[in-house]
Amino acid sequence: MIVDTNVIISALIPKNSKLREFLLTTEIPLHAPDYMLRELKRYWTIIEEKARKRGITEPELAHFREELLGRIISHPLSEYRGFINEAYRICREFDEKDTPFVALALSLRLPIITNDKDLLAHAGEYEAIPLNDVLR
């Protein structure tokens, strides 16, 4: 499965997370474009602030991040570059920042697990599965 950045953020913030537990224990391989790492870095201050409000210390948050990222196979742009134009054509209608995730999904022929309403609504040329369906 392809995991989008919002899934990782949702798994990081709660102190006790059913989602984090699922991501850490599933035998299903988890994939993401390396773009996800840049997004996490860009939003890290906001993530830290939200986590702090929920009683998570910085060391705990860093530990959760490292655990989760250790489970994800990160793919450089070179592996899905051939699908970028097609993914951009799809994503420009709703959110261009989703292009790397859709390109990777097209390249690997794997579904994206997400809570992103736009990614879910525009699935068709790629597969998207609501996060709640995976956690059942």
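**Figure 1. How helix H3 passes helix H4.** In this predicted model, H3 makes a right-handed crossing with H4; a crossing has that hand if the near helix is turned clockwise from the far one by less than a right angle, and is left-handed if anticlockwise. The axes of H3 (residues 35–53) and H4 (residues 58–71) come within 11 Å and cross at roughly 145°. Axes here are lines fitted to C-alpha atoms, for helices over the stretch in contact, with angles running from 0 to 180 degrees between N-to-C directions. On the H3 side, look for Met-36, Leu-37, Leu-40, Trp-44, Ile-47, Glu-48, Ala-51 and Arg-52, which meet Glu-58, Leu-61, Arg-65 and Leu-69 of H4. Contact means heavy atoms within 4.5 Å. The residues of this contact divide into 8 nonpolar, no polar and 4 charged, where Ala, Val, Leu, Ile, Met, Phe, Trp, Tyr, Cys and Pro count as nonpolar, Asp, Glu, Lys and Arg as charged, and the others, Gly among them, as polar. Helices (H or I, at least four residues) and strands (E, at least two) are DSSP runs numbered from the N terminus.

Before you go on, two notes on reading these views. Residues are numbered from 1 along each chain as its sequence is written, and side-chain values use heavy atoms, with hydrogens and water left out. As this is a predicted model, local features need pLDDT of at least 70 and side-chain atom pairs count only at pLDDT 80 or more, while totals for chains, interfaces and linings use all residues.

**Figure 2. The buried side of helix H2.** Leu-19, Arg-20, Phe-22 and Leu-23 are buried in H2 (residues 18–25); buried means under 20% relative accessible area, exposed over 50%, and partly exposed in between (1.4 Å probe, protein chains only). These four residues lie on the same side of H2 because they cover an arc of only 160° around its axis, the arc being that of the directions from the helix axis to the C-beta atoms. Their cover includes strand E1 (2–3), helix H1 (5–12), strand E2 (30–33), H4, strand E4 (112–114) and helix H9 (131–135). At the start of H2, a side-chain oxygen of Ser-17 comes to within 3.3 Å of the backbone nitrogen of Leu-19.

Figure 3. H1 is mostly covered, with 6 of its 8 residues buried: Thr-5, Val-7, Ile-8, Ile-9, Ala-11 and Leu-12. Next, find Ile-13 in the loop between H1 and H2. Ile-13 counts as buried, at 6% relative accessibility. Leaving out residues up to four places away in sequence, Ile-13 touches Ile-47, Lys-50, Ala-51, Arg-54 and Ile-56.

**Figure 4. Thr-114 in strand E4.** Thr-114 lies in E4 and is buried, with a relative accessible area of 0%. The Thr-114 side chain reaches the backbone nitrogen of Asp-116 at 2.8 Å. This is a polar contact: a pair of N or O atoms within 3.5 Å, where, within protein, one must be able to donate a hydrogen and the other to accept it, and residues adjacent in sequence count only if both atoms are side-chain atoms. Setting aside neighbours within four places in sequence, Thr-114 is in contact with Asp-4, Val-7, Leu-119, Leu-120, Ala-128, Ile-129, Pro-130 and Leu-131.

**Figure 5. His-75 in strand E3.** E3 (residues 72–75) holds His-75, which counts as buried at 6% relative accessibility. Not counting residues up to four places away in sequence, His-75 touches His-31, Ala-32, Pro-33, Asp-34, Tyr-80, Leu-104 and Leu-108.

**Figure 6. Arg-109 and its backbone angle.** Most residues other than glycine have a negative phi. Arg-109 is not a glycine, yet its phi is positive, about 55°. You will find Arg-109 in the loop between helix H7 (99–108) and E4, and it counts as exposed, at 76% relative accessibility.

Figure 7. Phe-94 sits in the loop between helix H6 (84–91) and H7 and is buried, with a relative accessible area of 16%. Not counting residues up to four places away in sequence, Phe-94 touches Asp-118, Leu-119, His-122 and Tyr-126. Lys-117 is in helix H8 (residues 117–121) and counts as exposed at 70% relative accessibility. From C-alpha to C-alpha, Lys-117 and Pro-130 are 8.7 Å apart in space and 13 residues apart in sequence.
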